[in-house]
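Please look over the sequence and the structure shown below before reading on. The briefing that follows is grouped by topic.

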Amino acid sequence: MKNKIILLPSRFIFLLAIIIFTACEKVDLDDINTGSEGNNNVNIITRSDSEIQYPLYIIAFDGEGNAVKKTTVETAATKTSFALDAGAYHIVAIGGIEDCDMPDIKSLNDIVTLPSDNYLDVPIQMGSTDLMVTQNATATITLYNQVAAFDLSLTDIPDNATEVSVSMSMLSNELSFIGATSGNVTATVNLDRQSNGSWSSTRFYVLPNGDANKLTMTISIVSPAGHESFGYTHSGAIYANTPYVMVGSFKQGFSVNNVISLAGWNKAEEISFTFGSDDEDEQEDDDEISEMPEIGSIWNNHLVAAIEYTSETSADIILLSLSEWSGISSAYNSEVPNMANDIASSYTEDGLKDWKIPTKEEAKLIVNSIGIDNLSATNETLATNQYTVLKFGEDLENDAAVRYLCDDAKSSFSWTVDTTSKAGSKRTYHLRLVNRISRKIADAK
């Protein structure tokens, strides 16, 4: 049963430096471009310290990054070789992508996209080597895990719980053939009740977001009494080739034990945090603050999107979620009309709950506050703090302008104009949530 789960330049350079190819195969690669079969025979050997994920796709790129030959290796018993003309080549091997969207590979910049769940049941493995072909040769490629592995288990969940899930935000869902990740998505995994009363997942694999220095998690528990969500932000990057084994206790802290690292993976990471504690309802320390925050700034780990004063010393501070979702359907979609509201109902950011879709009025207010002429400054603040920037311009997926949902997902807006329009039933949208909190300036005395 499949569970349901939302490079730094120096790291990327390091990846290219360590990737060399390895062991198992020998089949003629198909020509991508028409032309000669080549004068030199190149044998490909692929190796990995952990189990190789077949089928493997092997692609030869020329000096300009164009794909010139490719083949598929189905099993370890298959041998791989191909003929190439003299010249410089970059050869890539990749496996574990059978459930992914695989493009018609034409260049190194093409990307493999994870399925809509944004996670996998098997790890993506990739390796590459640079080869100067002057005569018959052998290229050895070592495959490395491009994903992080997660095992989740929660104990002491109330007996009347009927569903338990964990959402993980600030992940990637795209991987290029040069090893760069992109996208900012959320993955949600449903846990299964075990015979001992705990709830756990099978091992799943996610793509780390090289631009993110944190991992946001939302733990959701459904029972006859209702739906409760508890948030946690892990202030540290998630790394590829690393297993994360997490065993937690509801309302009794979060501990990690029995951490097992697979052969070929880095040392397992231990993450310890508390969720569901009694003080979590205290979303802010105090209603009084020394001064109002600056619009467009990161304040208490949230983005200040607008401020509405109710008196000279009191105001409603409107926060915009640091997480962003894409590919979200509107309320008029006949198949998934509640997609945006479901995200809002379970979202927690740094302990703050009760996030919602912006109203039309709130959308116009925040656009005028942090969009239009202030959009560049807002995005600079987000990028400097390694958060996802606000999108504008062309939405390639929909062949239209980028739009964000508001008005209970019935309307949409952009960050460049302070108007809204009715949402469509066919296309998809981006989503940012808002939260309104009341604060007053403390008495100067």
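Does Glu288 count as buried, partly exposed or exposed, and at what relative accessibility? Glu288 counts as partly exposed, because its relative accessibility is 37%, and buried would require under 20%. The model is a predicted one, and its protein chain holds four helices and 33 strands. Of the 445 residues in this chain, 53% count as buried.

**Salt bridges**

- The whole structure contains eleven salt bridges, one of which joins the side chains of Lys440 and Glu288 at 3.9 Å, N to O.
- Lys440 belongs to strand 33 (residues 434-441) and Glu288 to strand 22 (residues 288-289), so this pair ties together parts that lie 152 residues apart in sequence.
- Glu362 forms a salt bridge with Lys356, with the closest N and O atoms 2.6 Å apart, and Arg436 forms another with Glu362, where the corresponding distance is 3.2 Å.
- The pair of Arg436 in strand 33 and Glu362 in helix 3 links parts of the chain that are 74 residues apart.
- Glu308, Asp316, Lys356, Glu362 and Arg436 are linked in a network of salt bridges.

**Helix 3**

- The buried residues of helix 3 (residues 360-370) are Glu362, Ala363, Ile366, Val367, Ser369 and Ile370, and they lie on the same side of the helix because they cover an arc of only 165° around its axis.
- Glu362 is buried, with a relative accessible area of 6%.

**Surface charge**

- Glu74, Glu98, Asp99 and Asp121 gather on the surface in a patch of negative charge.
- Asp99, which is partly exposed with a relative accessible area of 46%, lies in the loop between strand 6 (87-95) and strand 7 (111-113).

Technical notes: Residues are numbered from 1 along each chain as its sequence is written. This is a predicted model: local features need pLDDT of at least 70, side-chain atom pairs count only at pLDDT 80 or more; totals for chains, interfaces and linings use all residues. Side-chain values use heavy atoms; hydrogens and water are left out. Patches are made of residues with over 30% relative accessible area and no salt bridge: like charges are joined within 9 Å, nonpolar side chains (Val, Leu, Ile, Met, Phe, Trp, Tyr) within 5 Å. Accessible areas come from the Shrake-Rupley method with a 1.4 Å probe; for residues, only the protein chains shown count as cover. A salt bridge is a side-chain nitrogen of Lys or Arg within 4 Å of a carboxyl oxygen of Asp or Glu. Lys and Arg count as positive and Asp and Glu as negative; His and the chain ends are not counted. The place of a charge is taken as NZ of Lys, CZ of Arg, CG of Asp or CD of Glu. Helices (H or I, at least four residues) and strands (E, at least two) are DSSP runs, numbered from the N terminus. Buried means under 20% relative accessible area, exposed over 50%, partly exposed in between (1.4 Å probe, protein chains only). The arc is that of the directions from the helix axis to the C-beta atoms.
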